[in-house]
Amino acid sequence: MLEIRDLRVHIDGHEIIHIDELDLPAGTRLGLVGESGSGKTMTATAIAGLLPNEAKASGTVRFDGQDLLELNDAEFSKIRGKRIGFVFQDPARALNPMMRIGRQVSESIRLHTNLKRRAVNDKVLELLDQVQLPDPAALVRRYPHQLSGGQQQRVLIAAAIATDPELLIADEPTTALDVTVQEEILQLLISLSEQRNMSVLFVSHDLGVIRFVCDRVAVIYGGHVVETGCVEHVVSDPRHRYTAALLAANPGMPKDDDFASFMGQRLHTIPGHVPAVGKFPGGCRFRNRCEHASASCAEAPMPVTLGDGHRYSCWHPDGES
Amino acid sequence: MAIADVDDMYFHYPRASLGAGDEGWTLCDISLAVHAGTTLGIVGESGSGKSTLIRVMCGLLHHQRGTVRFDGRDVGDFRGEDSKELRRKNQIVFQNPRRSLDPRMTIRRSLSEPMRALQGRRPDDDELIVSLEKVGLGREVLPRFPHQLSGGQLQRVGIARSLSVDPTILYADEPVSSLDVSVQAQVLNLLMDLRDELGLTLVMVSHDLGVVSRMCEEIIVMRNGRIVEAGRTDVVLTRPESSYTAALLVAARAASL
């Protein structure tokens, strides 16, 4: 469905993204994980053709056989919003506060199809029902502020899937939501992806959320994929030191319900902070924050492939020292 | 000893239309005690009244029924100069540091404000640097504006600002939920260290049960303005009595590592 080869994004002469190889087969869910500034959202933005003007992308992003990077704006807008849908982080900001729900959900249907008004209306009701919102007939007349955060995010998902996209890009879709609502929305995304054989590119800083939703994960740092593979493999047997550090920093929940010994346990932190654009070190980009870095890390590590597509690039992988 | 306690407290916002029973009330029948030197976690969904509750306890909002006491004294009795003392001893760190710091003020000015407003004094740079160092920042941030700092640095400034007036209770209202996982870890560790070093009493509002079960000895679970369950965190989370607490646990486990 989606094949990325040698994707590079440059801004002001700095190469901020370089992704050698990343695939998203039809009907699967891939997570992009990293800290703010690691390049995960920029990667999703490059795939969506929504890069800012000063950014230049090269390489190939093949979507259903077609190279998205070769399309002009007019050609891309036939795909974006139709065959590729989007859900963003803050639903209250992504919805137009002045527009009724029905109109917002139907916007892409009206833009991309020739359906008659009645058919559009029926489709909207069906979509709202599919995202499990109660009383769709009354809901279409409401405004965003009359809905809770979780309901707003369901509306956005309904709008994103309105044109039956083959790929859904979701950028931190539940970060602004409560934990119970978060679980419901994630569950909804999983079941929609399964029912419709829709691929999902899921961007998040939280590996727990990614493990819940995705089949595969790509850990991004400094615009590079430092480790990728099956979510379960990567989470249970991380190799790259950055992946291991991200896992250790996650507050998580105690194992085996052992709340008593969980109390007061400090979290592992990653030293320093993500450098600004153009300030990453050469070689392994994580080396200036890595507790295991040595002189050899000044050279870019070669990718190592384990079984089942688990791949990482690290000179001092976890579990081997 | 309870440093703060609440008894049968009810609160509604102005112009709420009150009806039969709970209708219109934001907080109903709240009773709790905060013990000196301990950490209390308040969990529950958006709209359950967590943030309103801590604002009532700090005297920023006024309840209509019941009692709210700080250090054995009714919060309503802190008037005039005394009310400054109540606010000084009850400090809040807010969720979004980018919104809670004035974008047009330098960090130097933002950081001096509580001391100026609540203690009527002007701190010099040396004193400000001491409070910045407590939270792992240095002199170089003083002349900066909020937009020049990262989210994690800003939240550290927020904490330094609250601690600058030597509070008895530090309330943290979702202090890390707008931060990245790696920065969350730094800020949570910092709060644990400060609590241990300064003997602070900490009241932490969070929807993250992982965070609460790591940091808080006691927990209160809220829903629709009421406390549905309270007690020792390990006991409540190991054997929840309320079905709502059990549901929160299921949701928290689903998307955690």
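**Figure 1. Packing of helix α8 of chain A against helix α10 of chain B.** In this predicted model, helix α8 (residues 179-196) of chain A packs on helix α10 (residues 243-254) of chain B at an angle of about 55°, and their axes lie 8 Å apart. The arrangement makes α8(A) oblique to α10(B), and the crossing of these helices is left-handed. On the side of α8(A), the contact is formed by A:Val179, A:Thr180 and A:Glu183, while α10(B) supplies B:Ala247, B:Leu248, B:Ala251, B:Ala252 and B:Ala254. Sorted by class, the residues of this contact are six nonpolar, one polar and one charged.

**Figure 2. The side of chain A that touches chain B.** Chain A gives 37 residues to the contact and chain B gives 33 residues. On chain A, the elements that contribute two or more residues are α8, α9 (207-213), α11 (241-249) and α12 (259-262). The class composition of this side of chain A is 18 nonpolar, 12 polar and seven charged residues. Helix α8 of chain A, listed among these elements, is also the helix that packs against α10 of chain B.

**Figure 3. Helices α4 and α6 of chain B.** Helix α4 (residues 107-119) and helix α6 (residues 151-163), both of chain B, have axes that come within 7 Å and cross at roughly 30°. Angles under 35 degrees count as roughly parallel, and α4(B) and α6(B) are therefore roughly parallel to each other. Their crossing is right-handed. From α4(B), the residues B:Ile107, B:Ser110, B:Leu111 and B:Pro114 meet B:Val157, B:Ala160 and B:Arg161 of α6(B). The contact of α4(B) with α6(B) comprises five nonpolar, one polar and one charged residues.

**Figure 4. Chain A as the setting for its helices.** Chain A contains 12 helices and 12 strands. Its radius of gyration is 21 Å, close to the 20 Å that the globule rule gives for 321 residues, so chain A is as compact as a globular protein of that length. Along the principal axes, the C-alpha atoms of chain A fill a box of roughly 65 × 55 × 35 Å. Of the 321 residues of chain A, 47% are classed as buried. Among contacts in chain A with a separation of 6 or more, 65% are between residues 24 or more positions apart.

Technical notes:
Residues are numbered from 1 along each chain as its sequence is written. Chains are lettered from A and ligands numbered from 1 in the order in which they are written. This is a predicted model: local features need pLDDT of at least 70, side-chain atom pairs count only at pLDDT 80 or more; totals for chains, interfaces and linings use all residues. Helices (H or I, at least four residues) and strands (E, at least two) are DSSP runs, numbered from the N terminus. The radius of gyration is taken over C-alpha atoms; the globule rule is 2.2 Å times the number of residues to the power 0.38. A residue is buried if 20 or more other C-beta atoms lie within 10 Å of its own, exposed if 12 or fewer, and partly exposed in between; C-beta atoms are placed from the backbone. Two residues are in contact if their C-beta atoms, placed from the backbone, lie within 7 Å. Axes are lines fitted to C-alpha atoms, for helices over the stretch in contact, and angles run from 0 to 180 degrees between N-to-C directions. Angles under 35 degrees count as roughly parallel, over 145 as roughly antiparallel, 65 to 115 as roughly perpendicular and the rest as oblique. A crossing is left-handed if the near helix is turned anticlockwise from the far one by less than a right angle, and right-handed if clockwise. Ala, Val, Leu, Ile, Met, Phe, Trp, Tyr, Cys and Pro count as nonpolar, Asp, Glu, Lys and Arg as charged, and the others, Gly among them, as polar.
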